[in-house]
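The following note sets out points for a colleague who is working through the model. Please read the points alongside the sequence and coordinates.

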Amino acid sequence: MDLIIVESPTKVRTIKRYLSGDYDVVASMGHLRDLPKSKLGVDIENDFAPQYVNIKDKSALIKDIQKKAKKADHVYLAGDPDREGEAISWHLATILGLDVHDKNRVTFNEITKNGVTTGMANPREIDRDLVDAQQARRILDRLIGYKLSPFISQKIRRGLSAGRVQSVALRIIVDREEEIRAFKPEEYWSIDAKFYNPPSRKLFSAAIYSKDGKKLAIDNKAQSDKILSELEDAEYVVSSVKKGSRKKSPTPPFITSTLQQEASRRLSFQGKRTMKTAQELYEGVSAGSLGTVGLITYMRTDSLRISEEARAQGNKYIVDTYGEKYLPKKPRYFKSKSNIQDGHEAIRPTMPGVTPDSVKQYLTTDQYKIYKLVWERFIASLMESCLQETMKIEISAKNYIFVATGYTVKFDGFTALYEEKSDDDKDDSATALPKISQGDILKLKSILGNQHFTQPPARYTEASLTKALEENGVGRPSTYVTITSTILSREYVKREGKQFVPTELGEAVTNLLKDKLPNIVNVKYTSKMEGDLDKIDSGEENYKEMIRLYYNEFEQPLEKAKAEMQGVKIKLKEEETDVVCEKCGRNMVVKVGRFGKFLACPGYPECKNTKPLVFKTNAKCPDCGGDVIEKKTKRGTSFYGCSNYPNCHFMTWDMPSDEVCPQCGKSLFRKKGNILYCPDTEGCGFTKKAERKKKTDE
């Protein structure tokens, strides 16, 4: 019997279904070895040798895999097809005592019969360059994180962290906030008119453009009013009609970053939710007569390449559904960026003929939405361009010119299926102008001067931050979700709607790093580092030399900063609450300690009063009628109890709701399965299925 080791348990049953031989398939559940949590784990003096250890809570799994490997005739290492998967396979080979030069590494770009059989038919050696590329990133991240985090914790607040990529992402957000604060709006005016061309009564809009042949800028109301008065008795004549055409081409199939961006814009999904769902679709879902099958290709990629087999299947669907005219005469190929890994394809459906609606009944709501997005984007990328007829009308009025533009769709092409959303969500719907000829005299319906102000740049959303990181070469497809979740969990930024707003803490961290360790938060420097690390993939650079170069450039300014800031502490403004200290009467402030936030008297050391920070809910205690408050365990887990403790000992892990029991009037609580229940189980026992609220994921 042969043993195949994959990363995820979801893949196990899917892959078993496609193998005809005598195979056992097990999951490693990700990494089994890593750098230790309790110490640096990198021997700097011994050429940056990593000191890997088996992960403690994986010990039983390791023993089980070792036992199966000993009995197996051959072991195949089937980690995901990327650097991380290559490193996991290499660590497995070490744990199991396998020869790393054996051809025991297999990869599956898609979890389908063809994908699995092709992968198994082409085993290869573990790619040490890919392993070294992963090690270089892991070791550099550990060195920078373990040495920089204590420094900013000592200088600002206990428990902070900084990192090779997260600190740059934070700086991008902070810099944008500074731009917004420094922005001074400028007033400007437009003059907008509505016309019609008798005998047609169809109105269309035009805006003033020029005066005496020069483009017009209107700065204030006085200028606007003067122009309007000059136009009071004007005749509006069509002086020019220009017609043209333009092609609108489809966007490429998804890569990791663009999938996250589009899911955020179109579905309001956070990156973590998008990638979790995409992982499920890649690893395999039960899809009726199709059986358990992976519906999309590997979802961590920055390549735009697609296989000719997939192209042919997609083309067939287009011709069968829309007709030959929707297929371009010449196939369209999208060019990937020069610094990407091209080991696998863009994100696409594994079976383009399987439409989202044909499998909708077998998928969760999230799975259906993401599959529909991936499928439509891929099919649209193969379709003919949209052809638009454009029209520009110039209207003379005395010495002024008004301009109206519009277009009509001559051939819808790919837009019959899909169009990408834009970040600003402007309405780009077709605007058709009425039939008009040069020399026509138009009737004026209305004319108004409108005041406007220039707008500051928009704050970053998860979608626009991901786009900015990608465009600047900061981070890689597998890291975008981790970056945003880290800066949010550290409370360096907060969400306001979909937008990221830096906190005072986040700005303090960024300003400290900008002042003392500018390279760590320099976008261009980090991009260069990413590019150099990418060269390890292809064997162009030695990973130890790369670590040495960047560690030396980091360590020297860090030691200098430590010396310069000896005894210096950056004080943050404390958040004052309306909770009054019962010992001295001051308003208590929020402090952060070893186990999270708590309330403390600002009169320390004269007054040392502290108390837990609690959040009041709308629910009432079922035992005594007191307020139900949210509390935290030492590990940060929420639970709920009565504010009258210790006189009342009511406590629950279930979240209180805003609803009350229709039978007894007590507050309802929510338990697993989205069930609302009355806690008075003996006297009442009321339960009901809770109504699902619309998710505001961002």
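1. Helix α5 gives the most to the lining of the largest pocket, with eight residues. A pocket here is an open set of points on a 1 Å grid over the protein atoms alone, where a 1.4 Å probe fits, with protein on both sides within 12 Å along at least five of seven lines; lining residues have an atom within 4 Å of a point. Helices (H or I, at least four residues) and strands (E, at least two) are DSSP runs, numbered from the N terminus.

2. The model is predicted: local features need pLDDT of at least 70, side-chain atom pairs count only at pLDDT 80 or more, and totals for chains, interfaces and linings use all residues. Residues are numbered from 1 along each chain as its sequence is written, and side-chain values use heavy atoms, with hydrogens and water left out.

3. The volume of the largest pocket is about 1,200 Å³, taken as the space filled by probe spheres set on the grid points, which are joined across faces, edges and corners. Its lining comprises 44 residues, and Glu84, Asp141, Ser478, Thr479 and Thr482 lie nearest the centre. At least two lining residues come from each of α3 (83-96), α5 (128-155) and α14 (480-489). By class, the lining has 21 polar, 14 charged and nine nonpolar residues. In this scheme Ala, Val, Leu, Ile, Met, Phe, Trp, Tyr, Cys and Pro are nonpolar, Asp, Glu, Lys and Arg are charged, and the others, Gly among them, are polar.

4. Strand β9 (residues 204-211) runs antiparallel to β8 (residues 187-196), joined by four bridges; strands count as paired if DSSP finds at least two bridges between them. Asp192 has Ala207 in β9 as its bridge partner. β9 also pairs in the antiparallel sense with β15 (residues 400-411), over four bridges, with Ser210 opposite Ile401. Two bridges join β9 to the antiparallel strand β10 (residues 214-215), where Ser210 stands opposite Lys215. The hairpin of β9 and β10 has two residues between the strands, and Asp212 in the turn has a positive phi of about 55°.

5. A further antiparallel pair, over four bridges, consists of β17 (residues 493-496) and β18 (residues 499-502). Val493 stands opposite Pro502 in β18. Two residues separate the strands of this hairpin, in which Gly497 takes a positive phi near 65°.

6. How many aromatic pairs does the structure hold? There are 15, counting rings of Phe, Tyr and Trp (its six-membered ring) with centres within 6.5 Å; planes under 30 degrees apart are stacked, over 60 edge-to-face and the rest tilted. Phe48 and Tyr551 are edge-to-face, because their ring centres are 5.5 Å apart and their planes are at 75°. Phe48 lies in the loop between β4 (42-43) and β5 (49-50) and Tyr551 in helix α17 (residues 543-564), so the pair ties together parts that are 503 residues apart in sequence. Both Phe48 and Tyr551 are buried, where buried means under 20% relative accessible area, exposed over 50%, and partly exposed in between (1.4 Å probe, protein chains only).

7. Phe195 and Phe204 form a tilted pair, 6.0 Å centre to centre with 40° between the planes. Phe195 and Phe204 are buried, and together with Tyr236 and Phe402 they form one aromatic cluster.

8. The structure holds zero disulfides, a disulfide being a pair of cysteine sulfur atoms within 2.5 Å. Cys584 is in none; its nearest cysteine sulfur, that of Cys601, is 3.3 Å away. The sulfur of Cys624 is 3.4 Å from the closest cysteine sulfur, in Cys642, too far for a bond. Cys584 counts as partly exposed at 34% relative accessibility, and Cys624 as partly exposed at 42%.
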